[in-house]
Amino acid sequence: MILTIDVGNTNIVLGAVENGKVLSTGRIATKRDDMANDFALKMRQVWELDGVDYTKFEGAIISSVVPQVNIALKNAVKKLTGLDCMIVGAGLKTGMNVKIDDPGTLGADLITGAVGAVSKFKPPIVFADMGTATTIMAIDSEGAFRGGAIIPGVKLSYRALSAGTSLLPEISIESPKKCIATNTVDCMTSGAVYGAAAMLDGMIERMEEELGEPVTAVATGGIARHIAPYCKRKIEYEPDLILLGLEIIYKKNIKKRK
């Protein structure tokens with residue numbers, strides 16, 4: 001059983017993964033000023049509530065877009081499990097051919113998501129990770145990472161809208177009653193959900209045209225479950241794409257180290 005940790009700007013997702021199966025997941029807030037003991041206490045609480053025996057982990061790996069917390073997280077994992085964490089980045093083998101201008105600048109979450117996507121679906125693939133930001137990335141028919149687009153996340157956009165206007169409130173992302181809404185909150189909900197769904201449909205269609213063949217469309221991330229059902233095209237929802245990719249990368253590199 002491998003401990004997989006996906007560090008996002010808002011949340012840290014903890015996964016217990018074994019042979020391509022996610023046995024348990026939990027979330028804690030990403031706090032940039034937390035120390036190792038803070039993270040250790042929070043992780044232990046999550047695992048105890050879910051009945052996960054954290055002494056049984058055989059390895060640990062982190063994908064992070066918040067480098068400020070990496071050392072504290074590594075130390076927290078060491079305190080709880082005795083394991084040294086791998087961190088996805090330069091020097092780790094992923095098995096993915098990356099065809100962008102500077103492969104060294106590719107975010108750990110993007111390469112890990114791509115590895116997870118290829119493990120579950122046949123390329124070509126366009127996958128969207130919908131969190132604080134929405135990233136939409138393309139994998140060609142040869143399984144190579146071709147790049148994509150980065151867009152402000154749905155919640156981030158609507159927090160900015162509320163903060164920048166006098167009369168528009170903050171809203172939660174939930175199912176809209178209809179597209180043509182008749183009051184302010186419902187109008188904002190419609191815009192958030194149908195607008196994001198239309199954006200996904202349109203971006204996937206354009207990337208599909210550039211790749212020159214039909215793609216499998218995949219969505220992951222905390223907000224994707226609210227948006228994917230409202231897309232016009234079929235979207236495969238896979239909430240654990242990055243956790244699955246992390247286990248694969250861990251196994252590729254533990255063999256190398258041995």
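Predicted model: local features only at pLDDT ≥ 70, side-chain atom pairs only at ≥ 80, totals over all residues.
A cavity is a set of grid points where a 1.4 Å probe fits but cannot get out, and its lining residues have an atom within 4 Å of such a point.

**First stop: the cavity.** A search of the whole structure finds one cavity of 30 Å³ or more. The largest cavity holds about 30 Å³ of space. To display its lining, select Leu14, Gly15, Ala16, Ser24, Thr25, Gly26, Val46, Trp47, Asp50, Val52 and Phe57. Colouring this selection by residue class gives six nonpolar residues, four polar and one charged.

Next, show the secondary structure around the lining. Strands β2 (11-18) and β3 (21-29) and helix α1 (36-50) each supply at least two of the lining residues.

**Second stop: the aromatic rings.** Trp47, Tyr54 and Phe57 form one aromatic cluster, and the structure holds three aromatic pairs. Select Trp47 with Tyr54: this pair is tilted, at 5.7 Å centre to centre and with 35° between the planes. Trp47 is buried, with a relative accessible area of 3%; Tyr54 is likewise buried, at 16%.

Now select Trp47 with Phe57. Their ring centres are 5.4 Å apart and their planes lie at 55°, so this pair is also tilted. The pair links distant parts of the chain, with Trp47 in helix α1 and Phe57 in the loop between α1 and β4 (59-64), 10 residues apart.

**Last stop: Phe57.** Is Phe57 buried or exposed? Its relative accessible area is 6%, so Phe57 is buried.

Notes:
Residues numbered from 1 in each chain as written. Heavy atoms only, no water. 1 Å grid on protein atoms, 1.4 Å probe; cavity = no way out; pocket = protein on both sides within 12 Å on 5 of 7 lines; lining within 4 Å. Points joined across faces, edges and corners; volume = space filled by probe spheres on them. Helix = DSSP H or I, 4+ residues; strand = E, 2+ residues; numbered from the N terminus. Nonpolar A, V, L, I, M, F, W, Y, C, P; charged D, E, K, R; others polar. Phe/Tyr/Trp six-rings, centres within 6.5 Å; stacked < 30°, edge-to-face > 60°. Buried < 20%, exposed > 50% of the residue type's maximum accessible area, 1.4 Å probe, protein only.
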